[in-house]
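Me: I would like to learn how to read aromatic pairs, helix faces and cavities in a model. Can we take them in turn?

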Amino acid sequence: MRSVSEWVSTGHLPTPEVVQDLVVEAHRRFSPVLDGRVADYIHALAAATPEHFGLCVSSSGGALFEAGEARLAFSIQSISKPFLFALICQAIGEAAAREKLGVNSTGLPFNSVLAVERSGEGLSNPMVNAGAIAATSLAPGATMEDKWAFIQDGFSRFAGRRLEIDQVVCESELASNRRNAGIATLLSDHDRIWWDPEEATDLYTRQCSLSVTASDLAVMAATLANGGRQPVTGEQVIDAVHCQHVLAVMVTAGLYETSGDWLYATGLPGKSGVAGGMITVAPGKGGLATYSAPLDEAGNSVRGQLTARFLSEALGLNLFASRPEG
């Protein structure tokens, strides 16, 4: 019978020494794993080194616990989606964001067009490409550059530093962006996009090309865990009420068609990206981020999933776990 972590049901992480030891142990334990394949449908991503593996835990108080290549830069890709949704909820209100974008899981791959057609109203959710492109079109601003300034500034506030585009990745994605362009056109046919479809797709591509590290993402995730307050800078990036809505959609759709398996294993909201990044959010406690480029068939980092499962159990993070009283 598996024992329950002594930190289950607490509102905080264990002591710093325990957290750091477990982060190092996770890195030691999963570094030898060679499963998965590096994404190659975006040419620039195919050059990633499969052996690179970094992870970071950020507490809600801003303490960082790192191992491996935690400061190695890579493109944020689909991990941008929950942060964009948070910014849009802040800008237009949660009710309007939900009505315009939808929040139900599609149970389909991240770039599926079937989900848009099947809903009858062109709705999906902000964690898949269709919903994220629609969300991008809702960014405030009269021009494309105004909208981009809103997105880049918002993401940088989550990270606590200025985030910049990886131009090589961006150009590579633009060269292979036909499917997303088609999704944007389909959204337009359903009156579910609120800006020029081509420009909205370009903005979404820029957003996915922002360069981050596992340490950046851990702090960004910890901001969602901390009621919208950036734990290092102390800035209130979004209102606390929006965090619960973002995390709810992450729970149901953050890992696309494997979200149920993820939730069963970790009991936490998570989000993956095809460059190999992953985030996991433990509300009130902090955020975990990993970087490892080899992916499973659903496009999720193999080492990232193993790490999240291990640390969720070891650190007592699972939202559904509890210790009996008495």
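Reply: What follows is a walk through rings, a helix and a cavity. This is a predicted model, in which local features need pLDDT of at least 70, side-chain atom pairs count only at pLDDT 80 or more, and totals for chains, interfaces and linings use all residues. Residues are numbered from 1 along each chain as its sequence is written, and side-chain values use heavy atoms, with hydrogens and water left out.

Me: How many aromatic pairs are there by this rule?
Reply: The rule takes rings of Phe, Tyr and Trp (its six-membered ring) with centres within 6.5 Å; planes under 30 degrees apart are stacked, over 60 edge-to-face, and the rest tilted. The count here is 4 aromatic pairs. Take Phe 83 and Phe 155: their centres are 6.4 Å apart and their planes at 65°, so this pair is edge-to-face.

Me: Which parts of the chain does that pair link?
Reply: Helices are DSSP runs of H or I, at least four residues, and strands are runs of E, at least two, numbered from the N terminus. Phe 83 is in helix α2 (residues 80-92) and Phe 155 in helix α6 (residues 144-159), 72 residues apart.

Me: Which other ring pairs with Phe 83?
Reply: Phe 158 does, edge-to-face, at 5.0 Å centre to centre and 65° between the planes.

Me: Are Phe 83 and Phe 158 buried or exposed?
Reply: Buried means under 20% relative accessible area, exposed over 50%, and partly exposed in between (1.4 Å probe, protein chains only). Both Phe 83 and Phe 158 are buried. Phe 155 is buried too, at 0%.

Me: Which residues of helix α12 are buried?
Reply: In α12 (residues 259-266), they are Ser 259, Trp 262 and Thr 266. They span an arc of only 60° around the axis (taken from the directions from the helix axis to the C-beta atoms), which puts them on the same side of α12. The face turned away carries exposed Gly 260, Asp 261 and Tyr 264.

Me: How many cavities does a search of the whole structure find?
Reply: Rolling a probe the size of a water molecule over the atoms shows where empty space is left. On a 1 Å grid over the protein atoms alone, a cavity is a set of points where a 1.4 Å probe fits but cannot get out; lining residues have an atom within 4 Å of a point. The search finds 2 cavities of 30 Å³ or more.

Me: Which strands each supply at least two residues of its lining?
Reply: β6 (277-282) and β7 (286-291) do.

Key:
On a 1 Å grid over the protein atoms alone, a cavity is a set of points where a 1.4 Å probe fits but cannot get out, and a pocket is an open set with protein on both sides within 12 Å along at least five of seven lines; lining residues have an atom within 4 Å of a point. Grid points are joined across faces, edges and corners, and a volume is the space filled by probe spheres set on the points.
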